[in-house]
Amino acid sequence: MKTEHSRAEMIKEISGVNPLKCMKCGKCSASCPSYNEMDIKPHQFVSYVINEDIESLVKSKSLWKCLSCFACVERCPRDVKPGKLIDAARQIVVRERGKNYLLADDIPELVDPDTPQQLLVSALRRYRR
Amino acid sequence: MQRIGVFVCHCGTNIAATVDVKKVVEMALHEPGVVHAEDYAYMCSEAGQELIHKAIKEKHLTGLVVCSCSPRMHETTFRNAAEKAGLNPYMVEIANIREHCSWIHKDIEEATEKAVILMRAAVAKVNLDAPLKPGESRVTKRALVIGGGIAGIQTALDIAEAGYPVDIVEKTPSIGGRMSQLDKTFPTLDCSSCILTPKMGEVNAHPLINIYTYSEVESVSGFVGDFTVEIRKKARSVDMNKCTGCGVCQEKCPSKKTPSEFNRGLSTRSAIYTPFAQAVPNVPVIDRDACIKFKTGKCGICSKVCQAGAIDYDQIDEIVTEKYGAIVVATGFDMIKLDKYDEYAYSQSKDVITSLELERIMNAAGPTGGHLERLSDGKPPKEMVFIQCVGSRCADDRGKSYCSKVCCMYTAKHAMLIRDKYPDTNVTVFYIDVRTPGKNFDEFYRRAVEDYGVNYIKGQVGKVIPQPNGKLLVQGADLLDNKQILKEADMVVLAAAIEPNPDVRKIATMLTASIDTNNFLTEAHAKLRPVESPTAGIFLSGVCQGPKDIPETVSQAGAAAVKAIGLLAKDKLLTNPCTAHSDELLCNGCSQCANVCPYGAITYEDKEVNDHGVRETRRIAVVNDALCQGCGACTVTCPSGAMDLQGFSNRQILAEVDAICR
């Protein structure tokens with residue numbers, strides 16, 4: 001099992017986000033369509049990563065309630081983009097479980113060519129738990 | 001051969017904690033020409049300067065190297081100290097072992113090695129230094145103020161009160177600026193125009209102040225004390241001397257569809273107009289793009305109704321050339337455009353407005369006669385939502401990285417005024433932080449919450465959704481209650497970020513004054529010289545330097561005036577002797593130096609030269625010492641090596657490089 005510190009570092013690395021840039025404005029939570037379904041709210045995700053409490057994130061309902069709509073990514077004024085952090089936390093879960101249900105090569109045929117790539121990647125992470 | 005003294009400063013622990021100063025002293029003694037070296041805790045102190053004085057006298061020093069902080073900090077101090085001891089001040093070199101060395105290194109050994117190298121380069125330069133003598137230039141005792149808002153008005157008044165003539169150049173048809181658009185002012189809630197109008201009148205009546213409205217600075221040349229400025233007086237189409245300001249022309253003008261700039265486009269104005277009733281001067285201009293006479297050749301009604309015969313369709317732009325000793329920039333600000341913030345529905349709904357638009361709506365002379373009403377249907381709003389920090393404090397390219405500083409206070413003001421005048425209207429403010437540093441500022445904000453019942457919610461709004469019933473659905477989050485909020489509002493007010501007037505880039509280029517990445521003019525020193533531009537003779541007043549409220553702007557305007565007065569009070573200025581010169585035997589007259597010179601200091605002359613016995617007439621570059629600022633652009637451009645800078649000669653620079661590489 002990895003330490004909480006190394007998991008937090010991994011989330012930052014995967015997402016490319018520096019959570020210290022957050023000014024706690026809450027525009028992410030204000031924008032989130034799944035807000036009421038979440039136990040840890042989008043703006044709280046940032047401080048959980050800063051405080052390296054990744055286990056709580058991984059066990060949270062929020063992780064799988066995020067729709068990956070990227071409203072928070074689009075509107076975040078500080079370039080923190082909690083949606084990317086959530087996405088990275090999902091990936092940590094996936095990596096730690098280490099099983100694949102779908103081969104990467106099979107995907108292109110199944111997908112509408114206009115689908116944004118990042119949405120696709122997020123969706124895969126979301127539905128393969 | 002020079003007799004050089006090297007003085008190594010500890011700067012307390014600033015240098016000595018990272019650099020082995022004793023080692024620098026020891027190494028200095030091995031350098032050519034060095035006859036004396038010592039270290040001291042604070043070289044810039046009286047005692048430190050005394051050490052320098054004593055060494056110059058006792059060791060008959062001809063040149064000094066001071067290893068200390070940046071020359072921007074204490075070069076003048078040490079040059080003055082040298083001069084007092086009878087040495088030419090230009091025989092002093094600074095090796096910057098603080099900013100360039102101790103502050104940026106952690107390892108003592110490496111930092112010491114670098115400090116020694118920097119010392120060595122400075123010694124190499126002093127070995128080739130020659131005494132220089134500054135020249136003198138005159139000071140034109142007249143100031144130019146660019147911008148006629150409260151900053152420009154206050155600066156102009158203060159300079160004129162000291163007895164120096166001042167010209168104000170204002171782009172719009174009237175002075176007054178942003179402050180004239182405001183309804184009330186925080187934290188005392190006095191009426192903005194009631195306190196501004198008397199000042200506008202004072203400027204207008206002052207015998208030493210001359211106002212060019214509807215005018216722009218066209219070009220600037222010259223240097224501190226002796227600027228030459230061309231001012232374009234745009235054709236007003238109205239004779240300033242004949243017009244009585246009766247206003248009949250504006251009433252009768254049939255072209256009334258142009259959005260009023262003064263009312264932020266919330267009402268329309270005629271083609272011949274004064275921006276507002278208290279305009280100074282009270283003389284209208286014809287907006288030629290809107291005027292029917294100018295567009296079709298027919299109409300001419302204003303000319304027919306003007307009793308004074310002041311309308312002049314044939315007027316053309318006029319260029320006035322004037323000399324100034326000092327220039328004050330007071331170009332002010334505007335609000336950012338909100339086209340990148342679609343989530344707040346500014347362009348989708350008339351009832352989503354900016355704070356400056358609300359300011360006009362609340363004003364008795366504004367588009368609604370001072371009644372708070374929705375612009376869509378004229379109904380009074382029952383639920384008002386204010387959104388703070390729209391475009392301020394943004395890390396992305398949609399907004400500005402800085403805090404606009406004034407929004408927290410004016411939003412508290414708006415909220416309070418609305419609750420006072422319309423007690424049935426609920427006011428909600430979505431904030432990230434409430435920032436109220438300033439005298440009586442936090443008390444003001446607390447009054448809004450405690451006495452006026454304004455509902456402050458911590459959390460930025462996510463989006464505003466116009467509803468089919470005309471309401472605005474505001475989706476936000478209350479971060480303290482950890483709840484998402486959906487609120488139906490009748491009006492939404494956006495505290496949009498402020499940004500420097502876009503024209504400032506053009507003006508800064510003309511003045512060779514530096515600006516930062518946000519287009520704010522840079523001050524010479526953030527703390528110690530906040531109202532001066534690094535370019536000599538250019539001073540900064542108001543928001544062009546950074547966000548400020550009215551009290552701060554007025555204080556800074558006064559400070560800029562004092563700096564300008566200090567300059568104008570001098571009869572002569574000492575010029576920088578580090579100027580460029582061309583060697584006539586090497587110059588081939590290629591003109592490359594003149595092309596790169598930012599000061600227009602280089603001209604060409606046909607001169608007879610004697611090149612090893614051959615007499616011939618050649619085209620040769622000549623530098624005007626009074627204009628040259630010693631930037632060195634010509635010396636690096638010159639392909640034949642004819643151009644050289646006194647005090648920074650090519651030989652000296654190369655000697656420094658050699659010393660570093662040794």
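**Entry 1: a helix in chain A**

I started with helix α3 of chain A and looked up what its buried residues pack against: α1 (4-15), α2 (27-31), α4 (54-59), α6 (71-75) and α7 (82-97) of chain A. This is a predicted model, so I read everything below as computed. I then checked how much of the helix is covered. α3(A) spans residues 42-50, and seven of its nine residues are buried. I listed them: A:Pro42, A:His43, A:Gln44, A:Phe45, A:Val46, A:Tyr48 and A:Val49. I also looked just past the helix. There A:Glu52 has a positive phi of about 55 degrees.

**Entry 2: confidence**

I checked the scores before going on. Chain B has an average pLDDT of 95, and 100% of its residues reach at least 70. For the complex, the predictor reports an ipTM of 0.80 and a pTM of 0.86.

**Entry 3: chain B overall**

I counted elements next. Chain B holds 18 helices and 34 strands. Its C-alpha trace spans about 90 × 65 × 40 Å along the principal axes. Chain B has 662 residues, and 46% of them count as buried. I also asked how far apart in sequence the contacts reach. Of the contacts in chain B between residues at least 6 apart, 71% join residues at least 24 apart.

**Entry 4: where the chains touch**

I looked at one pairing in detail. Seven bridges join β25(B) and β26(B) in the antiparallel sense. In one of the pairs, B:Ala477 has B:Gln484 of β26(B) as its bridge partner.

**Entry 5: a parallel sheet**

I moved on to an open sheet of five strands in chain B. The order is β20-β27-β21-β22-β23, and the pairing is parallel. Which strands stand at the edges? They are β20 (352-354) and β23 (455-458) of chain B; each has a single partner strand, so one side of each lacks a neighbour in the sheet. Neighbouring strands here are turned by 25 degrees against each other on average, with direction ignored. I checked β22 (residues 426-431) of chain B against β23(B) and found four bridges, with the strands running parallel. B:Val429 has B:Tyr456 of β23(B) as its bridge partner. I also looked for a helix on this sheet. Helix α12 (residues 407-421) of chain B lies across β21 (383-390), β22 and β27 (491-496), and runs at about 175 degrees to β21(B).

**Entry 6: cores**

I searched chain B for nonpolar cores. The largest has 116 residues, and B:Ala143, B:Val329, B:Val492 and B:Leu494 have the most contacts inside it. I took B:Val329 and listed its contacts beyond four places in sequence. They include B:Ile146, B:Ile507, B:Leu521, B:Leu540 and B:Cys544. Another core, of 46 residues, lies apart from the 116-residue one. Among its members are B:Ile4, B:Val8, B:Met119 and B:Ala122.

**Entry 7: a covered strand**

I checked both faces of strand β7 (residues 166-169) of chain B. B:Val166 and B:Ile168 are on one side, B:Asp167 and B:Val169 are on the other, and all are buried. β6 (residues 143-146) of chain B runs parallel to β7(B), joined by four bridges. B:Leu144 stands opposite B:Asp167.

**Entry 8: an exposed isoleucine**

Is B:Ile319 buried or exposed? I counted 11 other C-beta atoms within 10 Å, so B:Ile319 is exposed; the cut-off for exposed is 12 or fewer. B:Ile319 is in strand β17 (residues 318-324) of chain B. Beyond four places in sequence, B:Ile319 contacts B:Glu218, B:Glu230 and B:Arg232.

Definitions and conventions
Residues are numbered from 1 along each chain as its sequence is written. Chains are lettered from A and ligands numbered from 1 in the order in which they are written. This is a predicted model: local features need pLDDT of at least 70, side-chain atom pairs count only at pLDDT 80 or more; totals for chains, interfaces and linings use all residues. Helices (H or I, at least four residues) and strands (E, at least two) are DSSP runs, numbered from the N terminus. A residue is buried if 20 or more other C-beta atoms lie within 10 Å of its own, exposed if 12 or fewer, and partly exposed in between; C-beta atoms are placed from the backbone. Two residues are in contact if their C-beta atoms, placed from the backbone, lie within 7 Å. A nonpolar core is a set of buried Ala, Val, Leu, Ile, Met, Phe, Trp, Tyr and Cys residues joined through C-beta atoms within 7 Å. pLDDT is the predictor's confidence in each residue, from 0 to 100. Two strands pair if DSSP finds at least two bridges between them. Axes are lines fitted to C-alpha atoms, for helices over the stretch in contact, and angles run from 0 to 180 degrees between N-to-C directions.
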